[in-house]
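Student: I would like to go through this model with you, one feature at a time. Where shall we start?

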Amino acid sequence: MMIKSLLLLLISIIGIVISQEGAYPPGGIYVGLSSNFLTTEGESLTTYAQNELLSMSLPDQSGSSSKASYTFTSFKLGLTLDNLFYNQLQTDVYQIGWESIDFELQWNYHICANAIFNPCENGNIQVGTVSGATAAVASNIYVEFNSTSTSIIATNSTMAFEQGAVQVNVHCSNAICVIPVSDIANEVAQNFVTELTNGITKAINQQVPTIEALFTPIKQIPMTLSNGDSFWINLEGTLVEESNPTADLPTITAALNGGIILENTDGNFVYPSQNPTYIPTDSQLESFTSDYSIILTGFFIESLFDAVFASSLPMTINPSQVPSASPVQLNTSDGFFSGVAPGLSQYPNLGIQVNCYSPVTPLVSINSSAISLFNLELSADFIILNGDNPFTAFTVLFTIDASLSTEILTDSPSTFSLNSTLASMTPNATIVTSTIGSVDATGFVQLMQMVQGVIKLPAPAYSVPSKYSMSNVQLQLGSQIIQITFDLVDSSLLEKQKIIKKSINFN
């Protein structure tokens with residue numbers, strides 16, 4: 001007998017399992033999860049959801065109406081979820097569910113009619129899906145990428161059945177059975193469906209931290225400047241399915257703005273002065289064969305320079321800040337300064353203060369062999385500390401082109417770091433103004449070439465979600481992209497493998 005009330009739950013989730021072709025926006029970071037990885041994770045989610053549902057508490061129930069009183073006991077549930085799917089409904093709204101749900105809920109009943117002689121009956125009730133019929137369950141997933149955080153939440157899970165897919169069977173064990181049980185059984189079944197869909201929503205949301213961490217592995221640049229400023233990744237973006245999906249669970253990419261946001265010590269946020277413009281090709285974003293892909297574009301690096309400049313400049317360097325061991329001292333009588341600016345001899349043994357300002361963020365270009373920086377500009381005023389009358393002796397405009405080499409280091413099974421070094425630097429210096437006569441710009445070029453070897457670039461480390469460990473970590477430079485790929489292994493499975501190996505070791 002069909003549960004009439006369950007028919008009210010019919011929605012159009014049967015047959016909606018259609019991958020939607022996505023269009024990638026410009027971005028600084030693209031995080032891709034492969035179809036194969038999602039299939040494996042889907043199996044884990046299915047197992048987890050099934051176990052959570054099968055462990056639901058199903059207590060005995062009793063009640064009464066004007067016609068009868070009843071007691072329901074010994075609830076038993078059998079349930080199978082199959083054919084996981086996801087589907088994009090609209091921007092940042094997705095649906096995840098199972099095309100097939102088979103269940104059987106069974107319990108014993110004792111019911112007594114509120115009539116003369118109070119006749120009672122016993123038996124059992126079975127509510128379940130009919131073999132071969134179509135029943136499905138799905139939950140809406142709302143995804144929101146904010147500047148420095150993300151929100152993923154599952155809501156309103158719903159079950160849908162085709163006509164005749166769910167039946168109620170009442171088996172009375174008495175010789176004569178006349179008390180109607182179906183209405184009460186239908187009500188119990190309807191409540192069970194509500195508990196079941198709530199359980200699915202809960203199970204999905206319990207996995208949200210891992211899902212969210214997979215799509216946003218890098219939230220903050222793990223470095224803090226001496227002034228206390230810190231750097232966040234702009235996580236504004238969207239999820240995009242691969243362009244020509246062929247699998248039930250196609251590759252998904254989190255296309256993120258990826259710019260670097262500066263957080264000052266006063267709690268204010270400074271956003272990049274530029275926006276991403278480059279979009280990697282579909283092939284670059286989708287053709288990886290590993291589980292996981294992180295692609296960085298030039299905008300990510302440009303905005304990092306932008307944030308560091310915003311934090312550090314304008315900057316003043318005083319003579320006292322220069323280490324005594326430095327070969328160049330900020331003093332008018334220092335050999336370097338007296339050599340490039342002979343006019344400083346008019347002001348012997350006075351300190352020089354350097355004010356750095358007006359930076360221009362470099363343009364970044366990436367090819368298969370190097371990361372190139374072009375047209376990094378920085379202006380500097382050299383001020384003679386002449387008692388109460390300091391004055392600007394000259395202003396220098398520095399222009400720098402450089403190239404970086406990058407390698408990836410696996411610091412632990414769950415952590416990797418990017419180690420970049422300055423492979424080459426082509427500095428240029430132009431004297432913009434001078435109040436002390438001629439100044440030799442080539443001296444400043446030589447000075448910059450001299451410090452090239454001691455420039456150290458940060459090597460930030462990043463960790464994958466704690467559930468996983470990494471293998472087959474690779475770094476590849478391509479046309480305007482840096483791509484990091486690796487496989488993810490469920491750490492709990494590794495532990496199980498260790499236990500199995502130990503259990504069969506007879507030595």
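**Strands, salt bridges and surface**

Tutor: Start with Gln476, which is exposed because its relative accessible area is 52%. Exposed means over 50%, buried means under 20%, and partly exposed lies in between (1.4 Å probe, protein chains only). The model is predicted: local features need pLDDT of at least 70, side-chain atom pairs count only at pLDDT 80 or more, and totals for chains, interfaces and linings use all residues. Residues are numbered from 1 along each chain as its sequence is written, and side-chain values use heavy atoms, with hydrogens and water left out.

Student: In which strand is Gln476 found?

Tutor: Strands are DSSP runs of E with at least two residues, helices are runs of H or I with at least four, and both are numbered from the N terminus. By that numbering, Gln476 belongs to strand β23.

Student: What distance separates the C-alpha atoms of Gln476 and Ile295?

Tutor: Along the chain, Gln476 and Ile295 are 181 residues apart. Their C-alpha atoms are separated by 9.6 Å.

Student: How many salt bridges does a search of the whole structure find?

Tutor: Side chains of opposite charge can pair when their charged atoms come close. The criterion is a side-chain nitrogen of Lys or Arg within 4 Å of a carboxyl oxygen of Asp or Glu. Applied to the whole structure, the search gives a count of three.

Student: How far apart are the closest N and O atoms of Lys467 and Glu41?

Tutor: These two residues form a salt bridge. Glu41 is buried because its relative accessible area is 16%, while Lys467, at 23%, is partly exposed. The closest N and O atoms of the pair are 3.4 Å apart.

Student: Which parts of the chain does the pair of Lys467 and Glu41 link, given the salt bridge between them?

Tutor: The two residues of this salt bridge are 426 residues apart. Lys467 lies in the loop between β22 and β23 (468-478). Glu41 lies in helix α1 (residues 35-54).

Student: Which residues are linked with Lys467 in a network of salt bridges?

Tutor: Lys467 also forms a salt bridge with Asp490, with closest N and O atoms 4.0 Å apart. That pair spans 23 residues, from the loop holding Lys467 to strand β24 (residues 481-490), which holds Asp490. Asp490 is buried, at 13% relative accessibility. The network joins Lys467 to Glu41 and Asp490.

Student: Is Glu212 buried or exposed?

Tutor: Glu212 forms a salt bridge with Lys219, the closest N and O atoms being 2.9 Å apart. Lys219 is partly exposed, at 31%. Glu212 has a relative accessibility of 11%, so it counts as buried.

Student: What is the bridge partner of Glu263 in β14?

Tutor: Strand β13 (residues 260-263) and β14 are antiparallel, with two bridges between them. In β14, Glu263 has as its partner Phe269.

Student: How many residues of strand β1 are buried?

Tutor: Strand β1 spans residues 29-33 and is mostly covered. On one side Ile29, Val31 and Leu33 are buried, and on the other Tyr30 and Gly32.

Student: Which residue of β15 stands opposite Ile29?

Tutor: β1 pairs antiparallel with β12 over five bridges, and there Leu33 faces Ile252. Five bridges also join β1 to the antiparallel strand β15 (residues 292-297). In β15, the residue opposite Ile29 is Leu296.

Student: How many residues lie between β20 and β21 in their hairpin?

Tutor: Strands β20 (residues 391-412) and β21 (residues 415-434) are antiparallel, with 18 bridges. Ser412 stands opposite Thr415. The number of residues between the two strands is two.

Student: What is the bridge partner of Ser417 in β22?

Tutor: β21 also runs antiparallel to strand β22 (residues 461-463), joined by three bridges. In β22, the partner of Ser417 is Ala461.

Key:
Two strands pair if DSSP finds at least two bridges between them.
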